[in-house]
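I begin with a charge and a ring.

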Amino acid sequence: MITARENLLMSMKRQGFQSVPLESGRFCPSQIEAFKKRFGHCDYESYFKNPFRFVGMPMIKTWTDANNIYLREQLPEKTYIDIWGVGHSHQENCFHMTRMHHPLAGDPSLDEVRNYPLPAIGNDAPDRVEAKVKEIHSQGLAAMGEMACTVWEVAWYIRSMEDLMVDMMTDDERAFVHFDRITEHTIKRTELYAKAGVDIIQFGDDIGMQQTVMMSTDLWRKWIKPRFASIIEAGRRI
């Protein structure tokens, strides 16, 4: 009898499988509460026999005061600011969805973009990630490095989608600097995940909509594809 991890990796390598690997997806808070009410616990991953578990990257925020990064917007009260400096304010009747606030929206200087405080990877990150991978493997499960927001989503969360698309279409130097900094940051996380022994690295960056993509294929090939290729190659080199 093979483990869930072995079964999943065999399937992904097109070597066959003993059972079809299934994954439940991530539940939003309201669905977790509904699951708990029905089953008496929150471990839906075990219930649905997910063959992997996520491994997060320990990072440290480097911004210290919201007023230092939000120079062109007054944030609503009770706005939560995440580790990337992106603001989230609650919208009534929107469940877990939030209104996003973008610290580099508007017309920032090139130096502001170049010096924007991206989160730091903790010095203890390699040891912590490796320990988590070993823990997951000991359960017979695959370890997946968590990085769903990879390049495009991280970039527009900080810059704003509208402003970043204008930058891309006009070859604004701010877009080159912004994308390159995020790509470099992502490569470091990819290499760390690979060295720690994760089985899979999760990449995301939604550009699809219901009927088409949200940007032209030419823009995607120019700005996103080569950076994704460099990230994937960084992981393959380890």
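Over the ring of which residue does the charged end of K61 sit? I find it over the ring of W63, 4.2 Å from the centre, where a charge sits over a ring if NZ of Lys or CZ of Arg is within 6 Å of the ring centre and within 35 degrees of the ring normal. I note likewise that the charged end of R26 sits over the ring of F54, 4.0 Å from its centre.

The model is predicted, with local features needing pLDDT of at least 70 and side-chain atom pairs counting only at pLDDT 80 or more, while totals for chains, interfaces and linings use all residues. Residues are numbered from 1 along each chain as its sequence is written, and side-chain values use heavy atoms, with hydrogens and water left out.

I next looked up the ring pairs (Phe, Tyr and the six-membered ring of Trp, centres within 6.5 Å; planes under 30 degrees apart are stacked, over 60 edge-to-face, the rest tilted), and the count comes to 14. F35 and Y47 form an edge-to-face pair, 5.5 Å centre to centre with 75 degrees between the planes. I also checked burial (buried is under 20% relative accessible area, exposed over 50%, partly exposed in between, with a 1.4 Å probe and protein chains only): F35 is buried at 5%, whereas Y47 is partly exposed at 40%. F179 and W223 form a tilted pair, 5.7 Å centre to centre and 35 degrees between the planes, and both are buried.
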